[in-house]
Amino acid sequence: MILTDTHTHLYSEAFDDDRDAMIKKAMDGGVQRFFIPAIDSSHTQAMFDLERSFPEHVFLMMGLHPTHVKANYREELEHVSQLLAQRKFYAVGEIGIDLYWDKSFLRQQQEAFRIQIQWAKKYRLPIVIHCRDAFNEIFDILETEKDEDLFGIFHCFTGTLEQAHRAISYNMKLGIGGVVTFKNGKIDTFLNQIPLQHIVLETDSPYLAPAPYRGKRNESAYLVHIVQKLSEVYGLPGDELAEITTANSKAVFGV
């Protein structure tokens, strides 16, 4: 069984004490492919170091996370632009809009999101979307940017069935992680109405650990708990879910 974690921050300081052991544990459990989202320029070197340590298993994205769109966002975007031009990445992400913590940079977040979508199209890369309290704002931009070159993943999808269908209409897969195991997560009540071809798996580690680890540090090895829950939701064996969702990830990332 080969599992793909389409969104994991393995370079996080939360793993500084046991990173290699944590990754080996995940690989022993079947997680063989790790897709690594960017946050901002301060994390770039750690991402490159991670890739150097696990070149056959780690695949990097590049982008500016919406919560890091601050007064210096143009400087940060220039960093993203330069790196996209210099080397291979597998997606532009994570990018999007987050209005949970701070609404004061909404205009700048919208601008940064649109610019990075256009870079993704230029390099024929998928986008990986971060959305928190901002479905309408995200959809407004996707509506104006939709074309045959727009595709990617709606990371950590936590919306309604209607919002799921709308995300899929923009050629997005839904990134399903620990929230599907939460008692109040709600998405498990309708996911079986979404064909599996639209689903990819993720942990978002070290955040959003699934039950029974909720509230603790998440890690890629816990992807198996998400598979177990989706097996219940879809009525399919874990091996089949792994095969389908890994194939979906290859369709998005091209690898």
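Modeller: Strand β2 (residues 31–36) pairs with β3 in the parallel sense, over 3 bridges. Pairing here requires at least two DSSP bridges between two strands. Helices (H or I, at least four residues) and strands (E, at least two) are DSSP runs, numbered from the N terminus.

Biologist: Before we go on, what are the ground rules for this model?

Modeller: This is a predicted model: local features need pLDDT of at least 70, side-chain atom pairs count only at pLDDT 80 or more, and totals for chains, interfaces and linings use all residues. Residues are numbered from 1 along each chain as its sequence is written, and side-chain values use heavy atoms, with hydrogens and water left out.

Biologist: Back to β3. Which residue there is the bridge partner of F34?

Modeller: V58.

Biologist: And what packs on that sheet?

Modeller: Helix α2 (residues 44–53), which touches β2 and β3. Its direction makes about 150 degrees with that of β3. Axes are lines fitted to C-alpha atoms, for helices over the stretch in contact, and angles run from 0 to 180 degrees between N-to-C directions. Contact means heavy atoms within 4.5 Å.

Biologist: What's the strand order in the open sheet of 3 strands?

Modeller: β1-β2-β3, with parallel pairing. β1 (3–5) and β3 (58–60) are the edge strands, each pairing on one side only. From one strand to the next, the twist averages 20 degrees.

Biologist: Now β7. Is it buried or exposed?

Modeller: Buried: 5 of the 5 residues of β7 (residues 172–176) are, so the strand is largely enclosed by the rest of the structure. Buried means under 20% relative accessible area, exposed over 50%, partly exposed in between (1.4 Å probe, protein chains only).

Biologist: Which way do its residues point?

Modeller: M172, L174 and I176 point one way from β7, K173 and G175 the other way.

Biologist: What stands opposite L174?

Modeller: F154 does. β6 and β7 pair in the parallel sense over 3 bridges. Leaving aside neighbours within four places in sequence, L174 also contacts residues including F157, I168, I194 and H198.

Biologist: How many residues are in the largest nonpolar core?

Modeller: 76, and L142, F154, L174 and L230 have the most contacts inside it. Helix α7 (residues 223–234) gives the largest share, 6 residues. Apart from it lies another core of 10 residues, among them F59, A91, I153 and V252. A nonpolar core is a set of buried Ala, Val, Leu, Ile, Met, Phe, Trp, Tyr and Cys residues joined through side-chain atoms within 4.5 Å.

Biologist: Where does H155 lie?

Modeller: In the loop between β6 (152–154) and α6 (161–169). H155 counts as buried because its relative accessibility is 3%.

Biologist: What does H155 touch?

Modeller: Not counting residues up to four places away in sequence, H155 touches H7, E94, V128, I129, H130, G175, E202 and D204. H155 and E94 are 61 residues apart along the chain, yet their C-alpha atoms are separated by 8.2 Å.

Biologist: Last topic. How do α4 and α5 cross?

Modeller: Their axes come within 11 Å and cross at roughly 35 degrees, with α5 covering residues 135–145. Residues meeting there include F113 and I117 in α4, and I141 and L142 in α5.

Biologist: And Q108, buried or exposed?

Modeller: Buried, at a relative accessible area of 13%. Q108 is in α4 (residues 106–122). Beyond four places in sequence, Q108 touches V69 and Y73.
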